[in-house]
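Please look over the structure shown here.

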Number of protein chains: 2
Amino acid sequence: MFSQEKRVGVAVLGLGNVGSEVVRIIHDNADDLAARIGAPLALRGIGVRRVAADRGVPVELLTDNIEELVSREDVDIVVELMGPVEPARKAILSALENGKSVVTANKALLSISTGELAQAAESAHVDLYFEAAVAGAIPVIRPLTQSLAGDTVLRVAGIVNGTTNYILSEMDSAGIDYQTALADASALGYAEADPTADVEGYDAAAKAAILASIAFHTRVTADEVYREGITKITPADFAFARALGCTIKLLSICERVTDGDGRQWVSARVYPALVPLTHPLAAVNGAFNAVVVEAEAAGRLMFYGQGAGGAPTASAVAGDLVMAARNRVLGSRGPRESRYAQLPVLPIGSVSTRYYVSMHVADKPGVLSTVAAEFAKREVSIAEVRQEGVADEGGHPIGARIVVITHRATDAALSDTVAALADLDVVQRVASVLRLEGTAE
Amino acid sequence: MFSQEKRVGVAVLGLGNVGSEVVRIIHDNADDLAARIGAPLALRGIGVRRVAADRGVPVELLTDNIEELVSREDVDIVVELMGPVEPARKAILSALENGKSVVTANKALLSISTGELAQAAESAHVDLYFEAAVAGAIPVIRPLTQSLAGDTVLRVAGIVNGTTNYILSEMDSAGIDYQTALADASALGYAEADPTADVEGYDAAAKAAILASIAFHTRVTADEVYREGITKITPADFAFARALGCTIKLLSICERVTDGDGRQWVSARVYPALVPLTHPLAAVNGAFNAVVVEAEAAGRLMFYGQGAGGAPTASAVAGDLVMAARNRVLGSRGPRESRYAQLPVLPIGSVSTRYYVSMHVADKPGVLSTVAAEFAKREVSIAEVRQEGVADEGGHPIGARIVVITHRATDAALSDTVAALADLDVVQRVASVLRLEGTAE
């Protein structure tokens, strides 16, 4: 299994924020890592797009020939930190086929994989670790796959995208609008030049797919995750949220759902939702991440920490690297992909949630009754209604605003109701529709 | 490695709250566990002190011959949930010597072991898992040993004893005294008939020893952990804590300390401390547990959940059981004890903390200056002083109270100062001395 002198050979692909930090850890902590592994690590090479002398590492370690690097005889473990899906996929498959264990932080790739990576690892009898793919430094993958291996996970709900959490936290605390908060996030380096993957929820959906897959022993891909972004959230939504004792968070939710016939499903979804201030996720602000896991025996657990950034992500990668190296030394293997349950994914229409609906209406008698009737018709039970006058800038009444909080109902019934409300003559405009999570019925 | 038909044979020792729940999980979740392990579990027997028909399990599974049970040919894994140190130690050693992997929640035993259990597991090439020994269902051991295996842990600070946290939370929220809160905790089943192990900090110290050992790759035993209990905390302390924007928590703290000569030490200590309300541990109330880990690359992580109780503890035990069983099926092994660093334990006198000192003094000019001089003499820098008049029940002034908050100084200097203050003529009484944690300098 070993290359020269019982050293564990490592190839790192990618030398961005995370890759540089991983290389630093391998170098600076060499003695500690060797003691924990049982053999020293040897960094055999670093795969980059462009070999240059100014990358802060010895230039002779650099190579742009990824294919050659991942098949080297003296490489035991490949750490993939290149992103995006390609060329990472090709490099990982090639590494696995060459019998190398692989550590990756590539959530986009993992969340679309229909099993080819896991199967390649299985065929080669090597490890495929990806703790850093979800929530950076926060241990989430290992607790779900190992610590909770004897329990039944019921629900995973997390704030797993730092960019959107920073934007929403700023909108909440500073009362600013979405565009201003996004500009602030960009200025601070929390948002990318094209923020689409973050603000439209694609990143959170990729992580939800990975979390749902491991929590429920079922392969869920990113395109099976229902997804809404945060671009339509307004300061008025935050004002209403506060009045209700809530804030607004972009949540990645994975749930085990048992239907009326006793059949089990997996629901995986990402959307901005009202969260009560008393809920542990409400206090997770700025670029921090947190994941709440509810399991049958364990009850509710929360994991909190830095979900992104070079050093925190590198910590998770280095942990995987040590475990994979240790397995090489002992001739052991870590957990394999578990997808024996293969539960079907529940369509969003059948998911049961609570809704918050805010609408501008004509200020005349009978409007509330007309509005309430639309909910009743679809058997959506109303928990709370608030009605208040709306005035123009001169203080003259120009209508009223009705806010409805529903009890739990299917998303289909709630969507239908909202569509019907929008068609009512007395409703000028449905201003906002948000789900409400983390409360009782 | 296998007994009959590729089943993994399990013996459970102890049938209390946790044992019963583990037996239930093995039975009720049999299909799921088999799929995750790769082979079904077979419960071979349950070791109890007294065999009787009314224990809720088939009586033929029960035996009071522990020695025979743990050496049975068809047993692969022994789950020890008997406590206390003996007869558990003897049973575990016997199981390991017979080549069985062991899962235990026995923090008292683990915290006094000087390595004999780890060595026995090593000699037999089997697993010794103990996730349930610290913080019940909350994954802490596995994240520290595996997820952070590539990082450098700087500090672990936790609320790991539910009984004392319940008592302190009640004292804080209801303004009641220690004895009343203890009685409430007993009535609710949160405190045992003899609460010494909890309220004097022995349980928290045992867990600190385990956490320090794994976090710093150093063997720390319970008797090396500095320990103070919560029995002297008064409602007045909580009133002052609130005035300072703090609450009081019993903390288990494990720290990597670098001295002036660059030498590294481990500090492990348990005491009640003032904690700012803005610190994540301040919000951990009632019987809940939480552990905050600070690592070089990962930054600050927090793990939160139920730290005790039959079901949550059984969840952690069952996770270990599945991992140990899976290793049996694959011929793999999990992480071994790592104590290569063997850092010396820092004496409490050399530990640097901040102090809060409350004293009753004569109400006359110059007292504050006299008091301050005692701090200055020992180079303890004062951060904040509050002085206020104290009146008797009729409203007549009878003296004054001085509260001092210090900057960081060694425990030895602070203890000396407090002793000198108590000897001053102008000081009637040093009412309370508490450390302050979780703040800047």
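The report below covers the model, its cysteines, an annotated lysine, salt bridges, a histidine and cavities.

## Basis of the model

This is a predicted model, in which local features need pLDDT of at least 70, side-chain atom pairs count only at pLDDT 80 or more, and totals for chains, interfaces and linings use all residues. Residues are numbered from 1 along each chain as its sequence is written, chains are lettered from A and ligands numbered from 1 in the order in which they are written, and side-chain values use heavy atoms, with hydrogens and water left out.

## Cysteines

The count of disulfides over all chains is zero. A disulfide here is a pair of cysteine sulfur atoms within 2.5 Å. A:C246 is buried, at 6% relative accessibility. B:C246 is buried too, at 5%. Buried means under 20% relative accessible area, exposed over 50%, and partly exposed in between (1.4 Å probe, protein chains only).

## The annotated lysine

A:K107 carries the UniProt annotation "binding site", from an unreviewed entry. Such positions are given in the numbering used here, feature names are shortened, and annotations may be inferred rather than shown by experiment. A:K107 is in helix α5 (residues 107–112) of chain A. Helices (H or I, at least four residues) and strands (E, at least two) are DSSP runs, numbered from the N terminus.

A:K107 is partly exposed, with a relative accessible area of 28%. Leaving aside neighbours within four places in sequence, A:K107 contacts A:A133, A:D203, A:A206, A:K207 and A:I210. Contact means heavy atoms within 4.5 Å.

## Salt bridges

Over all chains, 55 salt bridges are counted. Each is a side-chain nitrogen of Lys or Arg within 4 Å of a carboxyl oxygen of Asp or Glu. One of them joins A:E228 to A:R435, with the closest N and O atoms 3.0 Å apart. A:E228 sits in the loop between β8 (226–227) and α12 (235–243) of chain A, and A:R435 in strand β17 (residues 427–436), so the pair ties together parts 207 residues apart in sequence. A:E228 is partly exposed at 25%, whereas A:R435 is buried at 5%.

A:R269 pairs with A:E437, the closest N and O atoms being 3.4 Å apart. A:R269 lies in strand β10 (residues 264–276) of chain A and A:E437 in the segment after β17, so this bridge ties together parts 168 residues apart in sequence. Both A:R269 and A:E437 are buried. A network of salt bridges links A:R155, A:E255, A:R269 and A:E437. In chain B, B:E122 and B:R336 form a salt bridge (3.4 Å, N to O). B:E122 is partly exposed at 29%, and B:R336 is partly exposed at 33%.

## A histidine in chain B

B:H360 is in strand β13 of chain B. B:H360 is buried, at 15% relative accessibility. Beyond residues up to four places away in sequence, B:H360 touches B:A400, B:R401, B:V426, B:V427, B:Q428, B:R429 and B:A431.

## Cavities

The whole structure holds five cavities of 30 Å³ or more. The largest cavity has about 130 Å³ of space. Of its 16 lining residues, the closest to its centre are A:Q146, A:G334, A:P335, B:Q146 and B:G334. The elements giving two or more residues to this lining are α13 (310–330) of chain A and α13 of chain B.

On a 1 Å grid over the protein atoms alone, a cavity is a set of points where a 1.4 Å probe fits but cannot get out, and lining residues have an atom within 4 Å of a point. Grid points are joined across faces, edges and corners, and a volume is the space filled by probe spheres set on the points.

How values were computed:
1 Å grid on protein atoms, 1.4 Å probe; cavity = no way out; pocket = protein on both sides within 12 Å on 5 of 7 lines; lining within 4 Å.
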